[in-house]
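Hi everyone, thanks for coming. Let me put the sequence and the structure up on the screen, and then we can walk through them together.

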Amino acid sequence: MDFDLSPAHELTRRTVREFAEGEVAPVAEELDRNKAFPYEIVAKLGQLNLMGIPFPEEYGGGGGDTLAYALAVEELTRVDSSVAITLCAHTSLGTQPIYLFGSEQQKREWLPRLCSGERLGAFGLTEPEAGSDAGNTRTRARLEHGEWVIDGAKQFITNAGTEISGIVCITAVTGPRDHAGATERTATARPDLKEISNLIVPNGTPGYEPGEPYRKMGWNASDTRPLSFSECRVPEANLLGPRGAGFRQFLHILDIGRIGVAAMGVGLAQGALDQALAYAKQRVAFGKPISKFQAIQGKLADMATEIEAARLLVYKAAREKDAGRNFTLTAAQAKLKTGRLAVRCAEEAVQIHGGYGFIEEYPVCRFYRDAKILTIGEGTDEVQQMVIARALGA
Ligand SMILES: Cc1cc2nc3c(=O)[nH]c(=O)nc-3n(C[C@H](O)[C@H](O)[C@H](O)COP(=O)(O)OP(=O)(O)OC[C@H]3O[C@@H](n4cnc5c(N)ncnc54)[C@H](O)[C@@H]3O)c2cc1C
């Protein structure tokens, strides 16, 4: 077993770290304070070929693998979570469904614009009555004269309401029964499941309206909104993959997305540790740097150890996916482990900063607010436990 990154992966890490420290760190606090979407940074990420890392070059992607993608997400989150989730939701959730399930024509139409960062992709799964219970979709789409007519609402959707948002892939009920999507287990457990399909809805389509942005605890510079669909018509050809495959498709998308969000957890935890260590070395109390006190050293040592263990879990999930193996279990374990770790490390980092940890000009204050969503988004901790227990055969 080789724990070293390849030279290509090291280069990805170095490139993104330099970019994050040079271009993101100086503006992160201001963007967060003003709740301003990072348009310039997204444009630069596009120029660096980072807005479509795991997609083939023939579609304008970076031609990288999942590990390269995880490294990039980790390095961005080490500095700022809003920028990281923008890239992460765009890649894993917005662009991925088109790459995995789209027709050749859909790929040619959308992937180059998404991978260049010219347009952002979003994924609309969550609804007022369908969060953890994502199959409980109420949004409906009926086929009428060669068009899907969509009615319904989504909530908490990332990247759908910016000036450069291009598409949202949504789940909708397209029929009375789930034919292709349900596994034997879900079909038995959930006889109420309807036929769910995925549809591409371009921004600007009449009847599709992103709502006002939410006022959030964190991720302030990222875009999160409710979406409404009222007699919204898209061509029949905007169906993603076979009709009724939407349930299976979104489960797979969520598995992949968990690797990205788990990489965010490691990155945030590492950023918190880096900030805490630097502060502890220069803050003097009782005549010496607080880093010399055993109580502080214990916190730093525990953080570093847990982060390294969690990082290996994330890289293992990425490796399994890249090897074409089943990665559902490892991705859920990585997501569960890293979300909790990010929350704990952010809290310890604030503690090590003392009163300054509560003051916004210190990054750990923002990290603390940004960490909590990592135990909720992309499947809550309780949902990860369900996925893990199921994989164990419990
Ligand atoms: C900032 C932000 C960005 C987001 N971006 C997106 C996005 O881009 N696209 C998208 O589709 N969604 C997005 N989401 C939605 C997110 O994925 C959901 O909030 C999350 O999956 C939880 O769903 P819920 O909020 O409906 O909570 P609920 O499902 O109502 O859960 C409430 C509580 O009940 C628990 N619970 C539920 N069912 C069970 C059970 N069977 N056993 C034990 N406990 C259970 C949960 O774990 C949780 O603690 C985003 C959310 C936020 C806040």
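**A walk through the model**

Let's start with Glu-118, which is found in the loop between H5 and S1; helices (H or I, at least four residues) and strands (E, at least two) are DSSP runs, numbered from the N terminus. A word on what you are looking at: this is a predicted model, where local features need pLDDT of at least 70, side-chain atom pairs count only at pLDDT 80 or more, and totals for chains, interfaces and linings use all residues. Residues are numbered from 1 along each chain as its sequence is written.

Is Glu-118 buried, exposed or partly exposed? Glu-118 is partly exposed, because 15 other C-beta atoms lie within 10 Å. The cut-offs are these: a residue is buried if 20 or more other C-beta atoms lie within 10 Å of its own, exposed if 12 or fewer, and partly exposed in between, with C-beta atoms placed from the backbone.

Leaving aside neighbours within four places in sequence, Glu-118 is in contact with Gly-46, Arg-113 and Ile-164. Two residues are in contact if their C-beta atoms, placed from the backbone, lie within 7 Å. Pro-38 is 80 residues from Glu-118 in sequence and 13 Å from it in space, C-alpha to C-alpha.

Gly-46 counts as buried because it has 20 C-beta neighbours inside 10 Å. Not counting residues up to four places away in sequence, Gly-46 touches Met-51, Ser-116, Gly-117 and Glu-118. Between the C-alpha atoms of Gly-46 and Phe-247 there are 31 Å, and along the chain 201 residues.

While we are here, have a look at Asn-49, in the loop between helix H2 (39–47) and helix H3 (66–77). Most residues other than glycine have a negative phi. Asn-49 is not a glycine, yet it has a positive phi of about 65°. Asn-49 is partly exposed, with 18 other C-beta atoms within 10 Å.

Let's zoom out to the domains. How is the chain divided? There is domain 1 (7–115), domain 2 (121–243) and domain 3 (249–392), and these domain bounds come from an automatic or database domain assignment. The centres of domain 1 and domain 2, taken over C-alpha atoms, are separated by 23 Å. Their contact takes 23 residues from domain 1 and 19 residues from domain 2.

On the side of domain 1 that touches domain 2, the elements giving two or more residues are helix H1 (7–34), H4 and helix H5 (104–115). H4 gives the most to that side, with twelve residues. By class, that side of domain 1 has twelve nonpolar, eight polar and three charged residues. Here Ala, Val, Leu, Ile, Met, Phe, Trp, Tyr, Cys and Pro count as nonpolar, Asp, Glu, Lys and Arg as charged, and the others, Gly among them, as polar.

Next stop, the ligand. Where does the ligand lie? Domain 2 (121–243) and domain 3 (249–392) both give residues to the shell around the ligand, so it lies between them. Of the 23 residues around the ligand, Leu-125, Gly-131, Ser-132, Thr-380 and Glu-382 come nearest; a residue is near a molecule or strand if its C-beta atom, placed from the backbone, lies within 6 Å of it. The elements that give two or more residues to this shell are helix H4 (81–101), strand S1 (120–124), strand S3 (147–158) and helix H11 (381–392). The shell has eleven nonpolar, nine polar and three charged residues by class.

The axes of helix H9 (residues 328–353) and H11 come within 9 Å and cross at roughly 145°; axes are lines fitted to C-alpha atoms, for helices over the stretch in contact, and angles run from 0 to 180 degrees between N-to-C directions. Among the residues making the contact are Leu-336 and Gly-339 of H9 and Gln-384 and Ile-388 of H11. By class, this contact has six nonpolar, five polar and three charged residues.

One last stop: Ala-280, which lies in helix H7 (residues 246–282). Ala-280 counts as buried, with 20 C-beta neighbours inside 10 Å. Beyond its neighbours within four places in sequence, the contacts of Ala-280 include Pro-289, Leu-300 and Ile-352.
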